[in-house]
Amino acid sequence: MSKIDNKRRQLCLAGGAAALGSLLLPNFVIASPFKSQASRSLSMCNLHTHEELETVYFNGKYYLKSELSKLNHLCRDFRRNESARMDRRLFDGLVNIQQALGHKGQVNIISGYRSPATNKMLQKKGGVATKSFHMKGQAIDFNLEGVSLSRVRTAALDLKLGGVGYYPRSNFIHIDTGPVRRW
């Protein structure tokens, strides 16, 4: 075997080991919109179920599984009582938006996870995407208590996390972790 083939094999093994290692540490900080590693907390209210949650979901080094589970439950499809694993970058995005606006109140959740059955039902009423990021746990519709929707939209756009939808008639902002876009 040549030295080049041996080097190539070592490089492939090292890359595979790094990929495997990243899977073994799923709670470690990866691709967060935050530069600092301070703890992160949220105070949230689901406007449909009237459930409230105050949580520290990131301790400065690790995401806390039990707290993420509580957030997933709060953001569940209330129509079918189904939860899904929400993309934790959404929660980081909400915290980042609050920090940018100096907001210390609650985040009001209108819609988080949406089951395919609920999404299909809402499509009949119009204004709901066929392949909604809500069905993947990658989108959240919300407003911030006491903050104008236009200011929230600006902060969300500045974040460049993914998609940002502005719905002033329905009083919410949509953010998702898909491609960066706006509507």
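Colleague: What covers the buried residues of α5?

Modeller: This is a predicted model. In it, the cover over the buried residues of α5 includes α3, β4, β5 (163-167) and β6. The buried residues themselves are Leu149, Val152, Ala155, Ala156 and Leu159.

Colleague: What makes these residues line one face of the helix?

Modeller: Viewed down the axis of α5, the buried residues fall within an arc of 125°, so they line one face of the helix. Just after α5, lysine 160 has a positive phi of about 55°.

Colleague: How do you know that α3 is largely enclosed by the rest of the structure?

Modeller: Of the 14 residues of α3, 11 are buried, so the helix is largely enclosed. Among them are Arg88, Asp92, Asn96 and Gln98, as well as Leu90, Phe91 and Ile97. The helix covers residues 88-101 and reaches 20 Å from its first C-alpha to its last, close to the 20 Å expected at 1.5 Å a residue. Glycine 102 follows α3 with a positive phi, near 65°.

Colleague: Which element supplies the largest share of the largest nonpolar core?

Modeller: The largest nonpolar core has 33 residues, and those with the most contacts inside it are Met44, Ile97, Phe142 and Ile175. The largest share, six residues, comes from α3. Elements that each supply at least two residues include β1 (40-46), β2 (52-58), α2 (65-74) and β6 (172-176). Beyond its neighbours within four places in sequence, phenylalanine 142 is in contact with residues including Leu94, Ile97, Val152 and Ile175.

Colleague: Why is the pair of tyrosine 57 and phenylalanine 91 called edge-to-face?

Modeller: The ring centres are 6.1 Å apart, and the pairing limit is 6.5 Å. The planes stand at 65°, where an angle over 60 degrees counts as edge-to-face; the pair is therefore edge-to-face. It links distant parts of the chain, with tyrosine 57 in strand β2 and phenylalanine 91 in helix α3, 34 residues apart. Tyrosine 57 has a relative accessible area of 0%, and phenylalanine 91 is also at 0%. Buried means under 20%, so tyrosine 57 and phenylalanine 91 are buried.

Colleague: What makes the pair of tyrosine 167 and phenylalanine 172 stacked?

Modeller: The angle between the planes is 25°, with 4.6 Å centre to centre; planes under 30 degrees apart count as stacked. Phenylalanine 172, at 12% relative accessibility, counts as buried.

Colleague: Which residues do ring pairs link into a cluster, and where do charges sit over rings?

Modeller: Tyr57, Phe58, Tyr63 and Phe91 are linked into a cluster by ring pairs. Arginine 40 lies over the face of phenylalanine 58, 3.9 Å from the ring centre. The charged end of arginine 88 sits over the ring of tyrosine 63, 4.4 Å from its centre. A charge over a ring has to be within 6 Å of the ring centre.

Colleague: Why is leucine 47 called partly exposed?

Modeller: The relative accessible area of leucine 47 is 37%. Buried requires under 20% and exposed over 50%, so leucine 47 is partly exposed. This residue is in the loop between β1 and β2. Leaving aside neighbours within four places in sequence, leucine 47 is in contact with Asn108, Ile109, Ile110 and Asn143.

How values were computed
Residues are numbered from 1 along each chain as its sequence is written. This is a predicted model: local features need pLDDT of at least 70, side-chain atom pairs count only at pLDDT 80 or more; totals for chains, interfaces and linings use all residues. Side-chain values use heavy atoms; hydrogens and water are left out. Helices (H or I, at least four residues) and strands (E, at least two) are DSSP runs, numbered from the N terminus. The expected span of a helix is 1.5 Å times one less than its number of residues. Buried means under 20% relative accessible area, exposed over 50%, partly exposed in between (1.4 Å probe, protein chains only). A nonpolar core is a set of buried Ala, Val, Leu, Ile, Met, Phe, Trp, Tyr and Cys residues joined through side-chain atoms within 4.5 Å. Contact means heavy atoms within 4.5 Å. Rings of Phe, Tyr and Trp (its six-membered ring) pair if their centres lie within 6.5 Å; planes under 30 degrees apart count as stacked, over 60 as edge-to-face and the rest as tilted. A charge sits over a ring if NZ of Lys or CZ of Arg is within 6 Å of the ring centre and within 35 degrees of the ring normal. The arc is that of the directions from the helix axis to the C-beta atoms.
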